[in-house]
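Dear colleague,

Please find below the structure that I am handing over to you.

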Amino acid sequence: MADINFSKVATTMRDETAAGAGATGPADAPGHVDLIELIFFSYRDFVGDADQLLARFGFGRAHHRVLHFVERNPGMRVTDLLDLLRITKQSLGRVLKQLVDEGYIVQTPGEVDRRQRLLTTTPRGSRLARELIALQSRRIDHALASLSPAEQPAVRRFLEAMIGGGEGAPPADDIA
């Protein structure tokens, strides 16, 4: 991944945005533009490591999310995964079918309600999920190493506050 001089990137992007939109300069930009850009770049690189590994298997980010949450919640119901990921059955269907067909996840009927489909990673799926976690953990460890132990909890609080529906977050219908 390329090293980025964030202050230069932010200044360049602000100047390009201002020139393209006819704005008069950075003062016209809405608040937190620099943070928005940092989130874009950090997300790109955070998932980029995993994307490279997933591509070798013909998988994408949706496969990664499914593997991750099934690995972390063995025996989870398909309906719970749908709720957690906030996706439709149709969106999950193709991804889940591929993971099942290729031996990364098994589906079993529920013990009480046989209509339920319970998901568990296979040893193969567990290995891949753990490799992906290790890749992303290394990036997180590297970033946290630049902070003092006292500063590190603020990262968690910030990320938790960014999650939709959190206290102080605007309601989804207020977002254009």
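In this predicted model, the axes of α2 and α6 come within 9 Å and cross at roughly 150°; axes here are lines fitted to C-alpha atoms, for helices over the stretch in contact, with angles from 0 to 180 degrees between N-to-C directions. That angle makes α2 roughly antiparallel to α6, since angles over 145 degrees count as roughly antiparallel, under 35 as roughly parallel, 65 to 115 as roughly perpendicular and the rest as oblique. Helices (H or I, at least four residues) are DSSP runs numbered from the N terminus. From α2, the residues in contact (heavy atoms within 4.5 Å) are Asp 45, Phe 46, Val 47, Asp 49, Ala 50, Leu 53 and Leu 54, and from α6 they are Leu 128, Glu 131, Leu 132, Leu 135, Gln 136, Arg 139 and Ile 140. Nine of the residues in this contact are nonpolar, one is polar and four are charged. In this classification, Ala, Val, Leu, Ile, Met, Phe, Trp, Tyr, Cys and Pro count as nonpolar, Asp, Glu, Lys and Arg as charged, and the others, Gly among them, as polar.

His 64 lies in helix α3 and is buried, with a relative accessible area of 11%; buried means under 20%, exposed over 50% and partly exposed in between, with a 1.4 Å probe and protein chains only. Apart from neighbours within four places in sequence, His 64 is in contact with Ala 50, Leu 54, Leu 132 and Gln 136.

The axes of α3 and α4 come within 11 Å and cross at roughly 120°, and these two helices are therefore oblique to each other. Here Arg 65, Val 66, Phe 69 and Val 70 of α3 meet Leu 81, Leu 84 and Leu 85 of α4. Six residues of this contact are nonpolar, none is polar and one is charged.

Beyond four places in sequence, the contacts of Ile 105 include Val 66, Leu 67, Leu 96 and Leu 119.

Residues are numbered from 1 along each chain as its sequence is written, and side-chain values use heavy atoms, with hydrogens and water left out. Local features need pLDDT of at least 70 and side-chain atom pairs count only at pLDDT 80 or more, whereas totals for chains, interfaces and linings use all residues.

With kind regards
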